[in-house]
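Colleague: May we go through this model, one question at a time?

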Amino acid sequence: MKGIDKIYHLVAGFIISLIFGFINPVLGLALAIIAGVGKEIYDKKIKKSVIDPLDVIATVVGGILGTGLAIVITNMI
């Protein structure tokens, strides 16, 4: 079930950036990126697995989508 892991990363990035994007879109996106990279560092150092760049990319893509939605919603209000 490798594909579902990418969806989890996408959703995590989306939620993080959406929530914090209402405060500041740049902050929301930055936190999503930090979460994606941080999770992979955690996997490497603590779980002793390999870093998967596609997981980071999925998290960042989710972050971009969440940031975009936060901006759209903020401008509608």
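This is a predicted model: local features need pLDDT of at least 70, side-chain atom pairs count only at pLDDT 80 or more; totals for chains, interfaces and linings use all residues.

Modeller: Residues are numbered from 1 along each chain as its sequence is written, and side-chain values use heavy atoms, with hydrogens and water left out.

Colleague: Is Thr 59 buried or exposed?

Modeller: Thr 59 belongs to helix H3, residues 53–76 (helices are DSSP runs, H or I, of at least four residues, numbered from the N terminus). Buried means under 20% relative accessible area, exposed over 50%, and partly exposed in between (1.4 Å probe, protein chains only). Because its relative accessibility is 3%, Thr 59 counts as buried.

Colleague: Which side chain forms a polar contact with that of Thr 59?

Modeller: A polar contact is a pair of N or O atoms within 3.5 Å; within protein, one must be able to donate a hydrogen and the other to accept it, and residues adjacent in sequence count only if both atoms are side-chain atoms. A polar atom of the Thr 59 side chain lies 2.9 Å from the backbone oxygen of Asp 55. The side-chain partner, at 2.9 Å, is His 9.

Colleague: Is Lys 48 buried or exposed?

Modeller: Lys 48 sits in the loop between helix H2 (25–45) and H3, and its phi is near 60°, a positive value in a residue other than glycine. With a relative accessibility of 69%, Lys 48 counts as exposed.

Note on methods
Helices (H or I, at least four residues) and strands (E, at least two) are DSSP runs, numbered from the N terminus.
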